[in-house]
Amino acid sequence: MSPEPRIGVLVPLTRPGWVAAGRHLLAGLELAVREVNDAGGIAGRPLELVVRDTAGDPARAAAAVDELAGLGVTALAGEYHSVVARAAAARADALGLPFLCSSAVLDALTERPTDRVARLCPAQSHGWRIYADFLLGAGHRRIAAAVQTSVYWASGVRVLRDRFAASGGSVAELDLGALGPADVCDALVDDGATALVLLAGHPDPAVPVVRAVRRDQRLAELLIGAPAGQPEFADWAALLGDEGAAVPFLRYLPERLTPLGARVEASLRERLAAAPSFVAFEGYDTVLVLAALMRAHGTDPVSVAEAWPRVAVDGTRGAIRFSRVPGAGVWQWAWPPVQVVDRDPEQPERFRVLHPA
């Protein structure tokens with residue numbers, strides 16, 4: 001008999017992982033599993049999630065992959081943090097276990113091309129080029145980036161710098177390992193940048209930097225941006241209030257959800273007692289894809305991994321198919337919808353679409 005239909009799930013549910021993102025991701029995964037099972041499961045057997053908390057720790061994620069493989073899961077899914085997903089993908093590839101990455105965008109998700117890993121969210125270079133184009137279109141030619149040390153943030157700086165250089169612009173880098181919030185403000189005044197892009201973790205050091213810049217009258221006209229999506233979650237608004245509004249960020253949603261997406265949005269809103277983020281939809285779509293693969297190809301991990309290019313699923317945000325994208329090294333949905341949005345200063349709980357792409 002083929003293995004039980006079980007998905008090993010990696011999500012950040014405790015600090016220093018981004019708990020809000022993990023909670024939304026898991027809510028989408030769990031809702032989809034409930035609906036799959038209400039519809040008869042996989043060949044009459046219930047689909048099960050086996051959840052492990054990564055806490056935003058790559059080593060913990062790699063250990064969880066080993067454990068989940070030993071438990072006989074068919075596939076792995078989830079993860080929000082790029083450096084954590086990269087560790088999980090490497091271990092899954094080594095063990096021959098298929099991994100559908102829900103929400104981690106780092107281009108180099110694996111060091112070498114693999115057929116075992118696929119990704120729903122866009123590659124960082126795709127989304128962040130759109131973000132750079134938004135800034136350039138708004139008239140910004142010299143921006144500053146407040147950067148925390150990380151492979152992910154370093155990759156983001158390169159994308160922005162390359163895009164700005166191609167248009168005659170420039171990006172100045174401010175090292176948050178060496179500069180405190182007040183130092184960042186002084187550096188911005190000296191530099192003359194018209195926008196500050198936050199490439200830093202939430203809540204620290206991102207929130208203190210935003211507070212300092214917003215309260216510095218010398219920088220009253222400066223735009224603050226956060227391409228990684230920190231303002232998407234309610235804890236950003238709870239910590240910053242009005243100071244967290246008008247901070248453009250990337251969100252992976254269409255202007256209008258599919259009919260399925262509209263129904264799922266209502267269910268997720270009830271489940272979360274809040275508006276669902278794009279991460280919750282990524283979780284839901286992850287299960288849709290893996291359930292479709294298991295129904296069509298069985299629950300053997302090898303069969304699932306071989307079927308990435310044959311899957312076709314109507315998800316909450318559009319039709320999902322996987323292809324090979326140059327530079328990615330994994331099977332990629334090319335591309336999910338991308339928006340640049342911010343929180344409305346008049347109603348910070350409402351999002352404004354500034355740049356649909």
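Predicted model: local features only at pLDDT ≥ 70, side-chain atom pairs only at ≥ 80, totals over all residues.
Biologist: Where is alanine 55 found, and what is the value of its phi?
Modeller: Alanine 55 belongs to the loop that runs between strand 2 (48-53) and helix 2 (58-70). Although alanine 55 is a residue other than glycine, its phi is positive, near 55°.

Biologist: Which loop holds glutamate 79, and is this residue buried or exposed?
Modeller: Glutamate 79 sits in the loop between strand 3 (75-78) and helix 3 (82-95), and phi there is also a positive value, near 75°, in a residue other than glycine. With a relative accessibility of 0%, which is under the 20% limit, glutamate 79 counts as buried.

Biologist: Which residue is joined to tryptophan 335 by a cis peptide bond?
Modeller: Tryptophan 335 has its place in the loop between strand 14 (331-333) and strand 15 (339-343). The cis bond has an omega of about 0°, and the partner of tryptophan 335 in it is alanine 334.

Biologist: What is omega for the cis peptide bond at proline 203?
Modeller: Proline 203 lies in a loop, the one between strand 8 (195-199) and helix 7 (206-214). The cis bond joins histidine 202 to proline 203, and its omega is about 5°.

Biologist: Which residue meets glutamate 4 in a salt bridge?
Modeller: Glutamate 4, in the segment before strand 1 (6-11), pairs with a residue 41 residues apart, in the loop between helix 1 (19-38) and strand 2, so the pair links distant parts of the chain. The N to O distance is 3.4 Å, and the partner is arginine 45.

Biologist: Which residue in the salt bridge of aspartate 53 and arginine 60 is partly exposed?
Modeller: The two side chains meet at 3.5 Å, N to O. Aspartate 53 has a relative accessibility of 18% and so counts as buried. A relative accessible area of 40% lies between the limits of 20% and 50%, and therefore the partly exposed residue is arginine 60.

Biologist: Which residues are joined into one network with Asp93?
Modeller: Aspartate 93, which is buried with a relative accessible area of 6%, forms a salt bridge with arginine 112, the closest N and O atoms being 3.1 Å apart. Salt bridges that share partners join Asp93 into one network with Arg112 and Arg116.

Technical notes:
Residues numbered from 1 in each chain as written. Heavy atoms only, no water. Helix = DSSP H or I, 4+ residues; strand = E, 2+ residues; numbered from the N terminus. Buried < 20%, exposed > 50% of the residue type's maximum accessible area, 1.4 Å probe, protein only. Salt bridge = Lys/Arg side-chain N within 4 Å of Asp/Glu carboxyl O.
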